[in-house]
Amino acid sequence: METKMKKREQWTRKREFILAAAGNVVGLGNVWGFPYLCYKNGGGVFLLPYCFFAMLCGVPLFLLETVIGQYTQEGAITCWTKLCPLAKGTGYSIMVIQLYSRFYSIILAWALLYLIYCFRDPLPWATCNNPWNTDRCVDLTSPNWTAVHSGNLTANWTSGNLTKSSVSEFWEKGVLSMSGGIEEVGAVQWKLLLCLLACWVACYFCVWKGVRSTGKVVYFTAVFPYVMLAILLVRGFTLPGAWQGVVYYLYPDPSRLADFQVWMEACAQVLFSYGVASGTLITLGSYNKVNNNCYKDSLWLCLLNSGTSFVSGFAVFSALGFMAHQQGIPINMVVDSGPGLAFIAFPQAVSMMPLPQLWAACFFLMLILLGLDTLWLGLETLLTLKTDVDPLHTLTCWSMQLV
């Protein structure tokens, strides 16, 4: 007996797709990835290879995945049955990628824990009077320090003994509780575990009713980070030393264009920040109407993604310029990439500002919402996996994909 195919859900309004796709592609990499790569690889000249690969790879692949989902009206796995059944293993490979990319949840747990600590006065990472601090701890806002070492922010105290900043000890001891080595297993960090559970619960309620709940949640999770970014941007430009940070961020070094590594990192940043090859764009596009103008949507979303990366650099480096100005050190001694920028350098910068709790809360709330969008929209892709797939056919597709 032939069963009637259930009609696929669609976005209630077109702007729900725009906001959902924007929430997917604009994430943590825009805040801590692009600014670091820009200053590391020639400043303003890094925009040349970045724009080259954005036009050559980013925009076409973004459009391609959106078109596939919109035309087939299927998810990342079943869409291949209408295009090329032999390539169905590609969809299952995408699902594996999505499973391995759930590391965003632990980053959200870190940010949530920092957000909770933001309501303490003084901020716990700004002092050395906490249970996790050691006798090597030093407050970098104190006039007794002489220099700060780049990367891990270790400092040389006036006595000459190797010390660590209070913000580094908070990250390593208070949050991560890092052990002395792999031979020391350590205990379960219950605060982080509860924060991780809270993040997954939030993801569940974002997707529990499918595209109906997704379309409503993105009104907040996709828009509010831009409000926070605008607040931090205005605040950053009013700080002393902000211009020094902006110049360091964009100062052009044309000789870097001869380095092949710069072009590789530009291509990697484009592919990562545009969210291609993750299946999420296919899934989000599949909820559009078949005759939707996805060409225009894709172009504007790509411009929004790259523009957010560029503007976030001003917010981050204006704060780092202020930090360097207050301590009287070069910016390259306080800036770091990835978690070091988000959880060490920037918290140290906001601890030197008036009303540090407010600016720290704005920053970490922005990080949480940026990461939450990417996490639960990836989860939405996993939930589109059909439960009635023939196991034998699935195994055959996997075998063909491996061959």
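**Close-up views of a predicted model**

**View 1. Phe 343 in its buried setting.** Phe 343 counts as buried, at 0% relative accessibility, in a structure that is a predicted model throughout. The residue lies in helix α15, which spans residues 339-351.

**View 2. The stacked pair of Phe 343 and Phe 364.** Among the 34 aromatic pairs that the structure holds, Phe 343 and Phe 364 form one that is stacked, with 6.1 Å from centre to centre and 20 degrees between the planes. Because Phe 343 belongs to helix α15 and Phe 364 to helix α16, the pair ties together parts that are 21 residues apart in sequence. Phe 364 is buried, its relative accessible area being 1%.

**View 3. The stacked pair of Phe 346 and Phe 363.** The rings of Phe 346 and Phe 363 are also an aromatic pair that is stacked, at 4.0 Å centre to centre and with 20 degrees between the planes. Phe 346 sits in helix α15 and Phe 363 in helix α16, so that this pair links distant parts of the chain, 17 residues apart. Phe 346 and Phe 363 are both buried. When neighbours within four places in sequence are left aside, Phe 363 is in contact with Val 31, Leu 232, Ala 342 and Phe 346.

View 4. In the largest nonpolar core, which has 104 residues, the members that touch the most other members are Trp 125, Phe 343, Phe 363 and Phe 364. Helix α16 contributes the largest share of this core, namely 14 residues.

View 5. Leu 375 is placed in helix α16, which runs over residues 356-383, and is buried, with a relative accessible area of 1%. Although Leu 375 and Trp 200 are 175 residues apart along the chain, their C-alpha atoms are separated by 9.1 Å.

**View 6. Helix α14 and the residue that follows.** Helix α14 comprises the 34 residues 294-327 and reaches 49 Å from its first C-alpha to its last, which is close to the 50 Å expected at 1.5 Å a residue. Just after α14, Gly 328 takes a positive phi of about 70 degrees.

Technical notes
Residues numbered from 1 in each chain as written. Predicted model: local features only at pLDDT ≥ 70, side-chain atom pairs only at ≥ 80, totals over all residues. Heavy atoms only, no water. Helix = DSSP H or I, 4+ residues; strand = E, 2+ residues; numbered from the N terminus. Expected span 1.5 Å × (residues − 1). Buried < 20%, exposed > 50% of the residue type's maximum accessible area, 1.4 Å probe, protein only. Phe/Tyr/Trp six-rings, centres within 6.5 Å; stacked < 30°, edge-to-face > 60°. Core = buried A, V, L, I, M, F, W, Y, C linked by side-chain atoms within 4.5 Å. Contact = heavy atoms within 4.5 Å.
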